[in-house]
Amino acid sequence: MTDRRRTQLTAPLTALSTLTRRPRPGGAAPAPAPRLELPGRASKLIDNAVYENGRRIATPESPAESREWLTDGFAEDRLAWLGLYRPEPHELGELAEQYDLPELAVEDAIHAHQRPKFERYGDTLFVVLKAARYLDAREEVEFGELHLFLGRDFAITVRHSESPDLARVRRRLESDPELLGKGSEAVLYAILDAVVDGYAPVVEGLDKDIDEIELEVFGGDPRVSRRIYELSQEVLDVSRATAPLAGICAAIAAGFEKYGVDEDLRAYLRDVADHVAGINERVEGFRLQLRDILTVNATLVAQRQNEEMKTLSETSIAQGEEVKKISAWAAILFAPSLVGGVYGMNFEHMPELGWVFGYPFALALMFGVSFTLYVIFKRRDWI
């Protein structure tokens with residue numbers, strides 16, 4: 001549930017097809033040679049490409065070389081797209097100088113752990129997104145943070161985790177030069193769509209977990225309370241990541257007219273905004289559902305405790321009744337034992353020892369006392 005997890009996002013970029021409502025070109029874009037990070041390699045530059053009219057024309061070795069491709073006399077329709085993975089502060093500092101990036105945004109990108117947001121610094125956009133994926137094996141959600149710097153002729157992405165898989169987004173855009181030729185806005189919308197699509201399996205996974213929890217609640221699993229709490233925290237984390245996306249889409253839409261955004265990209269953003277609204281509605285529903293489940297679980301636990309207390313009380317009452325019966329019979333049997341004990345003391349001078357009716361009297365006395373006690377205990381329901 002935290003950003004420290006480092007696994008790769010594998011969910012396919014399915015909704016990108018909504019971006020292009022026209023036939024794709026017949027020829028496939030040339031396959032780029034991704035600049036993968038090698039052990040011990042100092043550079044954190046994963047891929048560096050320069051595009052002209054949506055087609056890759058160069059794969060420079062450094063950001064400075066990319067900048068040179070943008071400053072020659074034929075750079076009007078060119079776009080540099082640089083992808084970095086956990087860059088060092090000095091690397092971002094060099095990029096900030098070369099591409100005139102805003103200082104505050106660069107500081108945010110260095111420190112990471114930012115909430116999703118959209119900020120405009122003059123002609124440069126700074127966007128922070130939280131990607132997510134659901135891990136079936138551990139039944140939990142992991143997040144990845146992504147920072148974007150977007151200018152008229154450049155797009156810089158800074159990842160602080162393995163997800164999202166921007167190589168998939170890049171390949172998809174390169175397969176549609178007409179779309180990529182629309183500039184850095186196309187990169188922003190494609191990445192935003194990929195992040196939003198990544199939440200679809202997350203939502204399905206949470207929905208499945210909630211169904212399992214409902215069965216556990218009514219099944220009386222004593223560990224379900226802890227799982228409800230943990231899942232509630234996951235839902236809260238997802239809400240913190242997805243709720244700001246609605247504001248980001250609204251902020252982008254607010255600049256449509258001012259910055260002359262392409263009509264196709266506007267329709268694409270509206271589609272992304274619809275997906276965001278649907279995800280937020282489901283996440284909010286999960287939060288309310290878990291709250292109700294927690295209430296029901298507390299009620300069921302209280303009922304089970306009451307049933308246990310009732311059983312204990314009934315057992316205690318039954319034991320009390322048995323004790324009363326034993327005590328009553330013990331008292332009845334004690335009376336003849338007392339009389340017999342008195343006449344068994346064998347003193348020499350006892351009035352009844354020489355009496356002809358002494359023995360019948362003793363028996364009658366034993367019987368009479370016992371019968372009297374029996375009647376008393378019977379009336380009191382002790383026996």
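Let's start at Tyr189, which touches Ile252, Phe256, Val261, Leu265, Tyr268 and Leu269, leaving aside residues up to four places away in sequence; contact here means heavy atoms within 4.5 Å. This is a predicted model, in which local features need pLDDT of at least 70 and side-chain atom pairs count only at pLDDT 80 or more, while totals for chains, interfaces and linings use all residues. Residues are numbered from 1 along each chain as its sequence is written, and side-chain values use heavy atoms, with hydrogens and water left out.

Tyr189 belongs to the largest nonpolar core, a group of 62 residues in which Leu129, Tyr189, Ile191, Leu192, Tyr199 and Ile252 touch the most other members. Such a core is a set of buried Ala, Val, Leu, Ile, Met, Phe, Trp, Tyr and Cys residues joined through side-chain atoms within 4.5 Å, where buried means under 20% relative accessible area with a 1.4 Å probe, protein chains only. Its largest share, 17 residues, comes from α6; helices are DSSP runs of H or I with at least four residues, strands are E runs of at least two, and both are numbered from the N terminus. Apart from this core lies another, of 21 residues, among them Val106, Val128, Phe149 and Ile156.

Now step back to the whole protein. Its secondary structure comes to ten helices and seven strands, and 42% of its 383 residues count as buried. Among contacts with a separation of 6 or more, 68% join residues 24 or more positions apart.

Key. Buried means under 20% relative accessible area, exposed over 50%, partly exposed in between (1.4 Å probe, protein chains only).
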